[in-house]
Amino acid sequence: MRINKYLSSCGIDSRRKCEALVTDGKVKINGKVVTALATDVKDGDSVTVEGRAVSIRANKTYIMLNKPKGCVCTVSDDRGRKTILDLVKVNRRVFPIGRLDYDTEGLLLLTDDGELSNKIMHPRNGVKRTYSVRVEGEPTEGEIKQLRNGVTHNGIVYSGAQVEVVGAEKDGTKLSITVTEGKNHEIRNMIESLGRRVLFLKRVAIGELRLGGLKRGEWRYLSGDEIAYLKSM
């Protein structure tokens, strides 16, 4: 098994993050540093990451968190800010599947299943992410059409989104926006391309998996049916 796939299967992090650990010289096989991503792990090999022995677990952990604002999607923060692991305390080394901005709240999945994380995050799989968005003012029909057709912001092209106008809200308009690309700050940048600001942003669904009644800062383990659904996406 290739080293990056092996590490993600151990629950270290997503496959992309595991690649960085290898190229940074933080991984050893049988006591020797490996930096080539083409390296294979064979049966009986001893693998360590930053001096810690790792191995593939048969049972994986799958968690849903309703991330609040003012919390970062990392396992640690050098600025002393609250992280998602201050909220989710388990005896497994879990990591987030994707990210939500510091000022964005809502549905976040955490796991130690690197293969599933890679599957959900890879753009080619087109996994839908749905957000509840309050935008400044009242977007025109033309602006809504732009979002549906795709926009460009600071030289980055964003594909068309599914957009529904939910109704008027205080100081703005509530929209439901569904995207599949997963680019950084995607929703905020799409709205800013219209010359408007995002006043509130919350992810409410990944595919058909929804937050339901989970309160801000609360988390739970996914059910067997939910895990099977994610794996089937």
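Asn 66 is buried, with 1% of relative accessible area. The model described here is predicted. Asn 66 lies in strand E5, which spans residues 62-67, and Trp 219 lies in strand E15, residues 219-221. Both E5 and E15 are among the elements that the buried residues of H6 pack against.

- The relative accessible area of Asn 66 is 1%, under the 20% cut-off, so the residue counts as buried.
- The side chain of Asn 66 reaches the backbone oxygen of Lys 215 at a distance of 3.5 Å.
- Apart from neighbours within four places in sequence, Asn 66 is in contact with Leu 214, Lys 215, Arg 216, Gly 217 and Glu 218, and also with Gly 106, Lys 202 and Leu 211.

- The side chain of Trp 219 reaches the backbone oxygen of Leu 87 at 3.3 Å.
- Leu 87 is also among the contacts of Trp 219 beyond four places in sequence, together with Val 88, Lys 89 and Val 90.
- Further contacts of Trp 219 in that list include Ile 63, Met 64, Leu 65 and Leu 214.
- Leu 214 is a contact of Asn 66 and of Trp 219.
- Trp 219 and Leu 107 are 112 residues apart along the chain, with 9.6 Å between their C-alpha atoms.

**Helix H6**

- Within helix H6 (residues 224-232), the buried residues are Glu 226, Ile 227 and Leu 230.
- Viewed down the axis of H6, these buried residues fall within an arc of 100°, so they line one face of the helix.
- Residues three or four places apart in an α-helix point the same way, because there are 3.6 residues a turn.
- Gly 224, Asp 225 and Ser 232 are exposed on the other side of H6.
- The buried residues of H6 pack against strands E5, E7 (105-111), E14 (209-210) and E15, and against helix H3 (114-121).

**Salt bridges**

- Side chains of opposite charge can pair when their charged atoms come close.
- There are nine salt bridges in the structure.
- One of them joins Arg 197 and Glu 136, whose closest N and O atoms are 3.5 Å apart.
- This pair links distant parts of the chain, 61 residues apart: Arg 197 sits in the loop between helix H5 (186-192) and strand E13 (198-206), and Glu 136 in strand E8 (residues 129-136).
- Arg 197 is partly exposed at 49% relative accessibility, and Glu 136 is partly exposed at 28%.
- Another salt bridge joins the side chains of Glu 226 and Arg 220, with 2.8 Å from N to O.
- Glu 226, one of the buried residues of H6, has a relative accessible area of 16%, whereas Arg 220 is partly exposed at 28%.
- Glu 181 and Lys 183 also meet through their side chains in a salt bridge, at 3.5 Å from N to O.
- Lys 183 is partly exposed, with a relative accessible area of 32%.

**Cavity**

- The count of cavities of 30 Å³ or more is one.
- The largest cavity holds about 30 Å³ of space.
- Its lining consists of Ser 159, Gly 160, Ala 161, Val 179, Thr 180, Glu 181 and Glu 186.

How values were computed
Residues are numbered from 1 along each chain as its sequence is written. This is a predicted model: local features need pLDDT of at least 70, side-chain atom pairs count only at pLDDT 80 or more; totals for chains, interfaces and linings use all residues. Side-chain values use heavy atoms; hydrogens and water are left out. Helices (H or I, at least four residues) and strands (E, at least two) are DSSP runs, numbered from the N terminus. Buried means under 20% relative accessible area, exposed over 50%, partly exposed in between (1.4 Å probe, protein chains only). A polar contact is a pair of N or O atoms within 3.5 Å; within protein, one must be able to donate a hydrogen and the other to accept it, and residues adjacent in sequence count only if both atoms are side-chain atoms. Contact means heavy atoms within 4.5 Å. The arc is that of the directions from the helix axis to the C-beta atoms. A salt bridge is a side-chain nitrogen of Lys or Arg within 4 Å of a carboxyl oxygen of Asp or Glu. On a 1 Å grid over the protein atoms alone, a cavity is a set of points where a 1.4 Å probe fits but cannot get out, and a pocket is an open set with protein on both sides within 12 Å along at least five of seven lines; lining residues have an atom within 4 Å of a point. Grid points are joined across faces, edges and corners, and a volume is the space filled by probe spheres set on the points.
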